[in-house]
Amino acid sequence: MSAAKHILVIDDEPQILRALKTILVEKGFKVSAASRGEEGLTLAATNEPDLIILDLGLPDMDGLEVCSRLREWTRRPIIVLSVRDSEGEKVAALDKGADDYLTKPFGIQELLARVRVALRHTALAPKDQVTTVTAGPLVIDLQWHTVSRDGEPVKLTATEFNLLAYLVANRGRVLTHHSILTNVWGPEDADHTEYLRVYIRQLRKKLETDPDRPRHVLTEPGIGYRFLTEAENGVHRT
Amino acid sequence: MRLRAAYARFLEYFLPLVLIAAVAVAFYAVRDVLDNTVVALLFLIPVGISTARWGLGPGITAALSAFLAFNYLFIRPYYTFTVHRPSDLVVLMVFLIVAVVISQLVGRAQAGVRTATAREREATRLYELSTALAGLHDNREIAGILADQLVATFLCEHLEITLTAVGEAAAQRPEARPSPQRPPELVVPMQAVRGLMGEIRLWRQAPPVSATEKRLVKTFASQGALALERAALAKAEARARILEESDRFKSSLLSSVSHDLRTPLATIKAAASSLRSGDVSWESAARSELLTAIDDETDHLNMLVGNLLDMSRIESGALHPERKWNVLSEIVQSVVARMRHLAEDHRLLIEIPEDLPLVPVDFVQMSQVFTNLISNSIKFAPPDTVVRVRAEAQDDSMIAVQVSNQGPPVPEAHLKGIFDKFYRMTAADRVTGTGLGLSICKGIVEAHGGTIWAENLPDGFAFNFTLPLHMDGEPPPALPKEAEGL
């Protein structure tokens, strides 16, 4: 990392804010903190952080609102924090443009892994016109629609490839069922999660070294899927 | 409607006149041959018929007109109402009296029969109503039945039943048509011991609501009020029972929580304070052990809190599985991936056939079931043994899932009880946990329409559960096959 990356944390609980600040600063990040939504939006606009960690339960405004207001002008990654059993809220935040989520309480390794993934994928994001993505033994050519594993070509159906291409183009990000179905199958099929379940299983069988322990096409329970180029340590939820 | 009624009324009075005229015409020609008394007797026939057929009023009309016709046409001098012979006068007077008395008697008998029939019909209606209302516990349903019965009994343009508890029109007939703009012609309150339960509003401009009908509507209203009150009482009783149960739940929860939450807290406190005190050197194994303890115990604490939340949701009936078509092996694999570090000492085997149909389950809740069953298996089975997850289609409508381990058997007496809340076979201190994990599994499986049970195997112990393969009557979807075109 050249210059220290700047992380903005928006969370109303002072203990969490204090802990995150201490740990992130220790890890070499520059950290600013806000305990309210409005304050967070102002800080985001003035400081232009590289990454935003946003708690969805804020006292003054809805975390989802903060998320969509941020997305009006910035493409910087947003990781939302939320509590257990609020899959609906997490899905809504991801559909509003958040990149990833973490369920409280979380281990710090998990947080750091996510921060790394998010920062890397912004580093590539806008200007990069990468057409070939390598993930472990897989090489996926988005332009020529070819996939190979350990140098051997892998045969995919058109839908399988479209699904893989959408996941790979958004690698690192958590994609909701709704967004995958809408983008790969079309809005009229947005509720057919069974398509997704079945095609994901087929993809894993063709791509993963051990389809029962996938390292690249990962399930986010109750939320959706995520493609990782290399199984980052700690990204697997504990 | 009104015209037709008026026409019918007119006929009732007109037809007796026609009958009298017919008799007069028939015997006019032979009036000189027949004796006056015979003619008088013959005139009594239409009078009797009229009364029997059309009631008292038309009967009297027939009697009077027969009297006049008799006098005018059959008693000398003809074509006058004057009477010369005293005997004729007597005949005439007797005729009038007999005619009127006959019509009155017959009319009264008729009216009596009519009232009796009406009473009987009322009684039948009321009986039907009370039978229909018996056993109903839903206010709207009661209002609906009441409205149906009222509409079947009374002619009405529009009917509306409002309930105090509902606050708006709970039922109206005809349905889905706004009530007329004018105030209703009849409003009857439904009064019960506990107060006003609601109101029956009836719109009917004509014919006006009679006193009898009003009385009957009132009887219907009191039946309705009784049914509503009964429903309210039943609801109150159910609520009381739930409260009592949740009270019991809370007190067992408190005793469980105070023990189970304190144990991890005590560990964390001890570890953290000893690390802070500086007594533990930076490189020592103890240091890393203490840190691991803190980490593990917070996870444990988090799991306990999660279980408590799940249990309270199951208790309050707020557990609504969002069933979607899922691949069961994906659910199990995602659980196993997350539990890998907990299951390090055991071998986890997953045996789910490739061709198992899609299952309609809530992904997150089903993950919870597998997490709890697997963690329970790990807890009781000795290290280096196998924990096996198996699933197979039982038939077209059910799949059977088994999570088995090679742990010690459970005494038969406990097999059922282990799914109860706060149930422990062993002394509380030996194994950690709130005793909620399995009852959460039971709650979730049952919310999915399945059943769960435990059994001892020749070489271990197993949890079994079934899950229906149909969702809203639909079998698992088949997906179109696609060619590999690349």
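Predicted model: local features only at pLDDT ≥ 70, side-chain atom pairs only at ≥ 80, totals over all residues.

B:H158 lies in strand β1 of chain B, which covers residues 158-163. Leaving aside neighbours within four places in sequence, B:H158 is in contact with B:S179, B:P180 and B:W203. For B:W203, which is 45 residues away along the chain, the separation from B:H158 between C-alpha atoms is 5.1 Å.

B:L159 also lies in strand β1 of chain B, but this residue counts as buried, because there are 24 C-beta neighbours inside 10 Å. When residues up to four places away in sequence are not counted, B:L159 touches B:A147, B:L150, B:V151, B:Q172, B:R173 and B:L202. The C-alpha atoms of B:L159 and B:E175, 16 residues apart along the chain, are separated by 9.2 Å.

## Composition of the two chains

Chain A has 238 residues, of which buried residues make up 37%, and its secondary structure consists of 8 helices and 12 strands. Among the contacts in chain A with a separation of 6 or more, 57% are between residues 24 or more positions apart.

Chain B has 486 residues, with buried residues making up 29%, and its secondary structure comes to 10 helices and 11 strands.

## Nonpolar cores

The largest nonpolar core contains 59 residues, and those with the most contacts inside it are A:I52, A:I53, A:L54, A:V80 and A:L164. The element that gives the most to this core is helix α8 of chain A (residues 193-207), with 6 residues. Domain 1 (6-124) and domain 2 (132-227) of chain A both give residues to this core, so it lies between them. In soluble globular proteins, nonpolar side chains tend to be buried together.

Taking A:V80 as one of the residues with the most contacts inside this core, and leaving aside its neighbours within four places in sequence, A:V80 is in contact with A:L54, A:L56, A:G63, A:C67, A:K90, A:A93, A:A98 and A:Y101. A second, separate core has 38 residues, including B:L358, B:A381, B:A454 and B:F463.

Helix α8(A) has 15 residues and reaches 21 Å from its first C-alpha to its last, close to the 21 Å expected at 1.5 Å a residue. Within α8(A), the buried residues are A:Y195, A:L196, A:R197, A:Y199, A:I200, A:L203, A:R204 and A:L207. An α-helix has 3.6 residues a turn, so residues three or four places apart point the same way.

The axes of α8(A) and of helix α6 of chain A (residues 158-169) come within 10 Å and cross at roughly 90°. The two helices α6(A) and α8(A) are therefore roughly perpendicular to each other. On the α6(A) side, A:T159, A:E160, A:L163 and A:L164 meet A:Y199, A:Q202 and A:L203 in α8(A).

## Contact between the chains

Between the two chains, 26 residues of chain A are in contact with 25 residues of chain B. On the side of chain A that touches chain B, the elements that give two or more residues are α6 and α8 of chain A. Of these, α8(A) gives the most, with 6 residues.

## Backbone details

Most residues other than glycine have a negative phi, and most peptide bonds are trans. A cis peptide bond joins A:K104 and A:P105, with omega about -5°, and A:P105 lies in the loop between β5 (100-104) and α5 (108-124) of chain A.

Although B:Y79 is not a glycine, its phi is positive, at about 65°. B:Y79 is found in the loop between α3 (56-74) and α4 (86-133) of chain B, and B:Y79 is exposed, because 8 other C-beta atoms lie within 10 Å. B:D472, also not a glycine, has a positive phi of about 50°. B:D472 lies in the segment after β11 (460-468) of chain B, and this residue counts as exposed, with 6 C-beta neighbours inside 10 Å.

Methods:
Residues numbered from 1 in each chain as written. Chains lettered and ligands numbered in written order. Core = buried A, V, L, I, M, F, W, Y, C linked by C-beta atoms within 7 Å. Buried ≥ 20, exposed ≤ 12 C-beta atoms within 10 Å, placed from the backbone. Helix = DSSP H or I, 4+ residues; strand = E, 2+ residues; numbered from the N terminus. Domains from an automatic or database assignment. Contact = placed C-beta atoms within 7 Å. Expected span 1.5 Å × (residues − 1). Axes fitted to C-alpha atoms, helices over the stretch in contact; angles between N-to-C directions. Parallel < 35°, antiparallel > 145°, perpendicular 65-115°, else oblique.
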